[in-house]
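Subject: Structure handover

Hello,

Here is the structure for your files. Please load it before you read on.

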Amino acid sequence: MQHIVILGNGVAGVTAARHIRKLSDAKITIISGESEHFFSRTALMYIYMGHMTYQHTKPYEDWFWEKNKINLKKAWVNKVDFDKKMLLTESGTEINYDQLILATGSQSNKFGWPGQDLKGVQGLYSLQDLALMEASTKEVTQAVIVGGGLIGVEMAEMLHSRDIPVTYLIREKHFWNNVLPEEESSLIDRHLTENHIDLRAETELEEIIDDGAGRVKGVKTKDGEIIDCQFVGLTVGVHPNVTLFKNSKLNLDRGILVDENLQTNIPDVYAIGDCAQLKNPPPHRRDIEAVWYVGRMMGETVARTVIGKPTKYEPGVWFNSAKFFDIEYQTYGNVPVNLLNDQKAFYWECEDGKKCIKVVYNNADQTVIGINTFGIRQRHEIWNKWLSDKKTLSYVIEHLDIANFDPELFKRYEPEIQRLYNEQFPNKVSITKPSFFQRILN
Amino acid sequence: MKAIRYTGLILFLFSFFLFLGLFFMSSYTLSEDNYKEIVKAEHRELLDENFESIIGKSYSLSITFVNDINGAIEEVNAQMRTDQKWDQVIYDQYASALTRASTNGLIVENTTLLFILVFIVGTIGSMMFILPQAQLAGPPGIKNNGIFHNALNNRGWIGILIGTLLIIFYILLYFYDAYIMNWIILVDPVQNLINPGAQASQWFLYGFLYCFAVVVMGIRTIIKYRHSKYQIVRTCSVMFFQVAIAFLLPEILVRLNQPYFDFKNMWPLDYDFFDAWHINTLTSAGGLGIFMFAWGITLFAVGVPVFVFFFGKRWYCSWVCGCGGLAETAGDPFRQLSDKSLKAWQIERWMVHGVLVFAVIMTVGVLYTFITGSNSLFGLDTYTFLRKPYGFMIGSIFSGVIGTGFYPLMGNRVWCRFGCPLAAYLGIVQRFKSRFRITTNGGQCISCGNCSTYCEMGIDVRWYAQRGQNIVRASCVGCGVCSSVCPRGVLNLENRDEEGRFGEPILIGNNSVKVRE
């Protein structure tokens, strides 16, 4: 019987294992040094905040693995011998494979700042990071976070939940401004401030200061300002976790290079998820996409290839989501920070300054290419269809109510959005006005 | 702001401990007159000798007083049984009436003042504790911070303590009401307000405390979920139905000389609806009584299928029902304690449907007796073998002692999930014939587990969400909290065409393979 070994038990590796099991009887082993069971990495913050326990973050009960004959091996792997098709664990155990799926995830970036390895300085990616953060923030009265991205804002929320004041250094003009256009990132700026996060835009880290005992006692910014703190969160992005494969036969760039079948340069070795780098990404996608959904989709896809049905990885319309404190964010399609020449955007923002939508379209033919939505939930299925079918802006605005995914009884903003559209555009759309009974009976 | 909260907490704790302390703050002396007035002459003949030592004696604790009375009666009964004088055994429950008449001291003399100190000050204290959260907790949104670090919410010592107190309270309430006469007397002022001259019973006390809990904790729930209009409106609904329909209206009906009737309760939750005494009371009470009887039958026979078809069982369980109302308000801090395991679901299905079957058989037996006048069905006495054990095991122990007493230990829907026959019936309709489902949003689920953690019914919501499958579960009460706590906007309660309700799970976003989980 074939032995398929999966290195990494994150969403990519586990999804691959589950789908292989659906399709074949091969022997499957998942190896991870991080945790015995699969847990939801995206839920780490909720453990710290006391919304959940570690146990709650496991998507499958512990009996699931044995029932589905998926072997779990908790071990750190020290070496992969691609010639002998063998992995060597830290404790010296040899594990042979017939096919190997690498799903080793990411590592937190560190850019060589002085003091970046002091006690109380860390990123947040793994279960071990979480335990470290738990221990390191016990007596903290001031924290600094460096890096305006998703993990940074999560860390800010985590610390805020324990009443630890946070000074938040971001390089850009606004929060996550390298991904979000200015209007949207300003909206989040305001919300962070509302939550008492001391946001310092266009501020970069110079060095982290030692208290003399190997612990952080403050940071110095490039402007020379010194901020006292006992904890520093370094959340300046992640990079593929490929240290194990340096100096091996595996072709690496930033990540593990894979073809359209997610196959590496070595036969019977595949890479999926955060650690994989597509040699030829589709035009609307990036080569490394370190998000949950991509890990999952690559897992689904590679499972077929591995069991002998070679399948190309063809991600559809891009989508993503996040939550910034209380504001939910979803995006479908492509919303660039800076619009290209032929692109235009329709932007609506709610009076309260906490909800907005931005629809980006091609000016020439008015086809919509993407949406950012904050504070209003949108239906993935509808947007996926609209964007695939290349619907026009007026069509989308007119039918916006069917894309709304907010709970019942929530205030609906479609009429307001449609009125704004009618003010700005010559071709008027009709305003949605469902009756009360239509509303409750749907 | 924080100072206001702490002051409020102190006030509330003062009221709470005063309430507990009141249990001990009366003395009891049975006077000759009261004895003669309350105990029937034919019983007095038998009891006089035994009561001699009780009459005129001052007791400082209700328990010893009640035990002496019950002991005196039981002694006579034991003798009668030995002598096989069955017709002389005393079945009248004298303890409550005698205790009430014999209670004197602080509570009887200062009922109104103590009522204010307990309930008015308690309310003010709770509001001072709860209301500032609208400001202090930050902008509206889900703030479940620290729940699993908290001794109240995570089965810590406070949770265990409160669970124990609740269990003791329910046992006293159901089986030893005479022991808690002090508390019953305490709510006389409210009873008098609604029905001048009437005396509160243990059920009036219970109804009042229930309303108090639902309203005070309902306000907390509204503040906690104030970002969600669904939660606000729903919470207002359960508060209204509890206070107006379940508590005030029946009392007002009594004042108007009409039968006591809770228009929103229904069989089989209302398990004595078909009891002979109940049917007789209603049908002999004129037009309104007949209407009540017809209403009660229509509600479960027509109302359930029709409303569940359009809205799911939530129209009842999390918008109207009293048990649901308490669970969604006072029980909200404990919703995360429900067991989400597959094992628990398996037990749940057997148990809740078992209770439904038991309720149906019990009712058939009771109706058989009512219609034919024969007490025995298949050779078994319908009261002894059906009605009585049902009332004791399901009506009292399960729904009350376990159902509410175990809030801090097993979550706030233990009864609704494992025991309520009405929930089982609503659930069967919801599972097979309804427009209601919880939809999942394409491929947006990140398996974080907030939905499952905060599902009070113990549904592993994530299991469905992460595979893109509609959640169609008999037990779902439609509280909407899974949708509220979802950080990625994945879950939504919807009433839509039945078609596609059981559609195959599909995750959007991957064009390589059509992902059928």
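Below are the ground rules, then the findings by chain.

This is a predicted model: local features need pLDDT of at least 70, side-chain atom pairs count only at pLDDT 80 or more, and totals for chains, interfaces and linings use all residues. Residues are numbered from 1 along each chain as its sequence is written, while chains are lettered from A and ligands numbered from 1 in the order in which they are written.

Chain A overall

Chain A holds twelve helices and 25 strands. Helices here are DSSP runs of H or I with at least four residues, strands are runs of E with at least two, and both are numbered from the N terminus. The C-alpha trace of chain A spans about 70 × 60 × 45 Å along its principal axes. Its radius of gyration is 24 Å, which agrees with the value near 22 Å that a compact globule of 442 residues would have. That radius is taken over C-alpha atoms, and the globule rule is 2.2 Å times the number of residues to the power 0.38.

Buried residues account for 48% of the 442 in chain A. A residue is buried if 20 or more other C-beta atoms lie within 10 Å of its own, with C-beta atoms placed from the backbone. Now the contacts: two residues are in contact if their C-beta atoms, placed from the backbone, lie within 7 Å. Take the contacts in chain A between residues at least 6 apart in sequence: 60% of them join residues at least 24 apart.

Strand 24 of chain A (residues 356–362) is largely enclosed by the rest of the structure, because six of its seven residues are buried. Strand 24 runs antiparallel to strand 23 (residues 343–349) of chain A, and seven bridges join them. Two strands pair if DSSP finds at least two bridges between them. Gln343(A) has Asn362(A) as its bridge partner in strand 24. Six residues lie between the strands in this hairpin, where Gly353(A) takes a positive phi near 70°.

Strand 24 of chain A is also joined to strand 25 (residues 368–374) of chain A, by six bridges, again antiparallel. Here Val360(A) stands opposite Gly370(A). The hairpin of strands 24 and 25 has five residues between the strands, and Gln366(A) takes a positive phi near 65°.

Four bridges join strand 4 to strand 5 (residues 86–89) of chain A. Asp81(A) stands opposite Met86(A) in strand 5.

Chain B

Chain B also has an open antiparallel sheet of three strands, in the order 2-1-3. Its edge strands are strand 2 (58–59) and strand 3 (103–104) of chain B. Two bridges join strand 1 (residues 27–29) to strand 3 of chain B. Ser27(B) stands opposite Asn104(B) in strand 3.

Where the chains meet

Which parts of chain B touch chain A? In total, 47 residues of chain B are in contact with 48 residues of chain A. Helix 13 (229–255), helix 23 (450–453) and strand 7 (491–495) of chain B each supply at least two residues of that side of chain B. Strand 7 of chain B gives the largest share, four residues.

Best wishes

Definitions and conventions. A residue is buried if 20 or more other C-beta atoms lie within 10 Å of its own, exposed if 12 or fewer, and partly exposed in between; C-beta atoms are placed from the backbone.
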